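Please have the sequence and the 3D view open while reading.

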Amino acid sequence: MDDTGVTARRAVAALDELTLLLGPDRAPVADASMDPITLEQWVEDGLARLRDILAAHAGADAIPMALLAVELAEIRSAMTGERATRRLDGLLRVQRALARLRAVGSVDQMLVKAPQVLCELCGFEVAMLWQVKDGRTTPAAAFSKRDPGFADKVQRQALKRPSMELDPDGVEGEMLRRRAPVVVHDALNDPRVRTDLTRLAGISSYVAAPVMPEGRVIGFLHASTMRHDDIIDRDVLWAFAEGYGFALERTILLQRLHDQGERIRELVVATESVLTEIRQAGLQITIASDELNVAESLSPVRSAMMSAPDSRIHQLLTRRELEIIELLAHGDTNRHIAERLLISEYTVKSHVSQILRKLQATNRTEAVSAFMRMTGLAP
């Protein structure tokens, strides 16, 4: 028997003794199989009652109560330590479980393996994963340590009701509103619960948590220890659900990047094949300028500009400004220039301002006229 079981039995014995001292109307009758959190609260309540009585009580008959108070205080301390140890152990188990899932590398396997890893490494006996899409929930995967065929049973049951609309009054609706996990103590009688799957799993209580990376709920996890599931079980599942959500989103992103990379590689291969066919046909492709624009036949303005590389215009204007003044000479607007050079209209306006300043022109017409004179194209 583990330390938790020993402490629980010790607590029940102390509470039974408290009932004998105070009477059943002043102390509850405890059971070792009850929820550990509730049992711990009863110990705390019993200790508080004894303290109140001892504060106003003296004499030899107070000795048994004082001894019982000491016993309850020691039990409470042991329970607090066990609870902290159990919570820490749960978080360490979650880290190992998430590490195993991150190594899977496939979205489909991430979905299938989540309930299995949750049971094998995090202390649960039964687990289910639900996917959420378009306001409906669908069973995605299930696992049970005690029933190897549980996943198949869930799938067969799901065929009867492939998906369900999210019920705002159900357990999932509550988690969706609160963005928080829940504990379901009476799963067979709770009206918020889908009892067909609960009975199929053979559980009387469970914990549930939303899978919500970046605040967007994409699924729900249900899990049970097959005993009295409590807030520590809930918090362990919550920690797993948080990490699992981010790990799943990461795997989805990596798979998309891989698929896009494959499509790009296929496109490159297809392009190379077409270029090879073109070359074999004796055709030539000319790539113009470092912006990868396809070259057109040189206009008279560009021919004149390129034929006089030592003219003063080359000393005044940058290469980009020469391209823009040439297009201005053709009568292009800023918008057309931006589209042709693949730059913003704001950048074009900035270049035009620099051109006007360098050519000492007050407007575009004067700038074009100065450009034509300096390139020898003016009449």
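Arg 320 and Glu 323 join their side chains in a salt bridge, 3.0 Å from N to O (a side-chain nitrogen of Lys or Arg within 4 Å of a carboxyl oxygen of Asp or Glu). Both residues lie in helix 11, 3 residues apart, about one turn of the helix. Helices here are DSSP runs of H or I with at least four residues, and they are numbered from the N terminus. Arg 320 and Glu 323 are both buried (under 20% relative accessible area; exposed is over 50%, partly exposed in between, with a 1.4 Å probe and protein chains only).

This is a predicted model, in which local features need pLDDT of at least 70 and side-chain atom pairs count only at pLDDT 80 or more, while totals for chains, interfaces and linings use all residues. Residues are numbered from 1 along each chain as its sequence is written, and side-chain values use heavy atoms, leaving out hydrogens and water.

Lys 358 forms a salt bridge with Glu 321, with the closest N and O atoms 2.9 Å apart. Lys 358 belongs to helix 13 and Glu 321 to helix 11, so the pair ties together parts 37 residues apart in sequence. Glu 321 is buried at 4% relative accessibility, whereas Lys 358 is partly exposed at 24%.

## Salt bridges elsewhere

The structure holds 21 salt bridges. One of them links Arg 178 with Glu 174, the closest N and O atoms being 2.9 Å apart; both residues lie in helix 6 (residues 171-178).

Notes:
Helices (H or I, at least four residues) and strands (E, at least two) are DSSP runs, numbered from the N terminus.
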